[in-house]
Amino acid sequence: MQSAKMEPEVALLNASLVPDIFPVLAAAHKALVSKSRESLTTRTLHSELVYNYAASKHISESLKRCGISDQMSYILAVRFNASDDEMTSVTNLINGKEIDLEELEPRSNRDQILKHFKIPPQELAISSLSDAITCRIAARDAL
Amino acid sequence: MDTCQTGQAELGLLIKQGAEARVYLSSFVGRKCIVKERFSKKYRHPILDSKLTVKRLNAEARCMTKARKLGVVTPVLYGVDPVLHTLTFEFIEGHAVKDILLEFGSNGIVEERLNDIAAQIGIAIAKLHDGGLVHGDLTTSNMIVKEGTNQLVLIDFGLSFTSTLPEDKAVDLYVLERALLSMHSSCGDVMEKILAAYRKSSKQWSATMNKLAQVRQRGRKRTMVG
C-alpha cells in the first residue's frame, strides 16, 4: 500500500479502478479545497486524492484499495501543478511504459469498479460509471 | 478555494434565487455546472443556523445519491462544500417540464411528447416511492427534459426525506396534482397519464392510491366545521 512518495510527491492510483479521468479530477478538486482550508484527512495532498477517489470514509482501506501494491502493473500517476521536470522524475520512478489516457476506458476493470463502488444495475441503466463514481466522491462526507 | 470562473468569493453567475437557496452557473474542472448555495437565515442563532444548513445540505446530497441508486435520473453531484454551504451539480441542458407544458398550453399540444413526459414522470416517482424516498417538492419546475435524449431529470431534492408511509407518498403526488391543476390545466388531464404510469411501475401503488383519494378529499374540505 503506497500512495505518496517523498520526492517527487505523486498520487499513484490503481488504474483498473479508473474508467475515465473526470472522477479523478473531482477527487483532486476536493483534495485541493481541503488543503486550502488546512483540513486534510490524510497526511499529504496527494494521498488525500487517493483517499477521496475511494469514496469511503475508511482511510487505510481506501489507500490500500485505490492505491497501488507491489504486484500491480497498471498505474495512474497523478501530480498537482506538475512541471515538465517533475513529470519526468515521476516517469523515472515507475519502471514501465507510458500509455495514453484514452486507454483508461478499455483497460478498466468494470466488475471490480462495480464491486468497489457498490453500483447497482438500476443505477448503471441511467448513468455512466464515471458519473456514478463522481457522485460517490462528492457525497462521501454527506453520508 | 473557489469553484467559479469569476472571482474569489463569488460562486459564479447568479441565475436564480429561491426561498431556500441561490443558484449559480459556473464551471467545475472544465464542465459547465450549477452551484446551489443554501443561504443562512439571519434570524437564527449563527451556530445553530450553520449546523442546520449543513444538515440540510447533506440530506439533499444523500437523497440524490439514493435516488440515483434507485434508477431515477438526477444531475450528477460534483461536490458538496459544508463551509460555503454549496452543492455543485452537473448542468442539465434542456427545458423544465413547466416551460414545455406552458408552451403546449399556448401553442398547442404535441400529444406524443406529452404522453412520453407524463409516462417518464410516473415511472420516476414510482421508482422513488418504491425505494422509500419522497421527493417533497414535486412540481413541473423541478423536472427537466434533457436536450437530445429527451430523458426526464428530477432536480431539487432539498425537501426530500425517506419514508415508506403511503400518506407521505400520497401527499407527494397530491402536491404535483395541485401544481398541474393550477398551471397546466390547458394540457388536459396530465395527472391521469402520470398516475397510470405510476400504477404500472410501482409495486406498492394501491396503498398510495387509496391514501391519495383520502388526501384529495381532505384538500377540498376547506371549511372544517365541527
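Biologist: How many salt bridges does a search of the whole structure find over all chains?

Modeller: This is a predicted model, and a search of the whole of it finds 22 salt bridges over all chains. Several of them share residues, and Glu20(B), Lys36(B), Arg38(B), Lys41(B), Arg56(B), Glu60(B) and Asp156(B) are linked in a network of salt bridges.

Biologist: Which parts of chain B does the pair of Glu20(B) and Arg56(B) link?

Modeller: The side chains of these two residues meet in a salt bridge, with 3.9 Å from N to O, which falls inside the 4 Å cut-off for such a pair. Glu20(B) sits in the loop between S1 and S2 of chain B, whereas Arg56(B) belongs to helix H1 of chain B, 36 residues apart, and the pair thus links distant parts of the chain. Glu20(B) is partly exposed at a relative accessible area of 32%, and Arg56(B), at 39%, also counts as partly exposed.

Biologist: With which residues does Glu167(B) form salt bridges?

Modeller: One partner is Lys211(B), whose side chain meets that of Glu167(B) at 3.5 Å, N to O; this pair links helix H4 of chain B, which holds Glu167(B), to helix H6 (residues 205–220) of chain B, which holds Lys211(B), across 44 residues of sequence. Another partner is Arg218(B), with the closest N and O atoms 2.9 Å apart. Because Arg218(B) lies in helix H6 and Glu167(B) in helix H4 of chain B, the pair ties together parts that are 51 residues apart in sequence. As for accessibility, Glu167(B) is partly exposed at 25%, Lys211(B) is partly exposed at 26%, and Arg218(B) is partly exposed at 43%.

Biologist: Which residues does Pro166(B) touch, not counting those up to four places away in sequence?

Modeller: Pro166(B) is found in helix H4 (residues 166–183) of chain B, and its contacts, counted in that way, are Ala207(B), Thr208(B) and Lys211(B). Its relative accessibility is 26%, so Pro166(B) counts as partly exposed.

Biologist: How many residues lie between the strands of the hairpins in chain B?

Modeller: S1(B) and S2(B) form a hairpin with 3 residues between them, and these strands, residues 13–17 and 21–28, pair in the antiparallel sense over 4 bridges. S2(B) and S3(B) form a hairpin with 2 residues between them, where Val29(B) in the turn has a positive phi of about 35 degrees; their antiparallel pairing extends over 8 bridges, and Arg22(B) stands opposite Glu37(B).

Biologist: How many residues from chain B and from chain A does the contact between them take?

Modeller: The contact takes 23 residues from chain B and 24 residues from chain A, and the buried area is about 2100 Å², of which carbon and sulfur atoms give 67%. There are 2 salt bridges between the chains, and Arg68(B) forms a salt bridge with Glu123(A), the closest N and O atoms being 3.9 Å apart. On the side of chain B that touches chain A, H1(B) supplies the largest share, 6 residues.

Notes. Residues numbered from 1 in each chain as written. Chains lettered and ligands numbered in written order. Predicted model: local features only at pLDDT ≥ 70, side-chain atom pairs only at ≥ 80, totals over all residues. Heavy atoms only, no water. Contact = heavy atoms within 4.5 Å. Buried area = accessible area lost by both parts, 1.4 Å probe. Pairing = 2+ DSSP bridges. Buried < 20%, exposed > 50% of the residue type's maximum accessible area, 1.4 Å probe, protein only.
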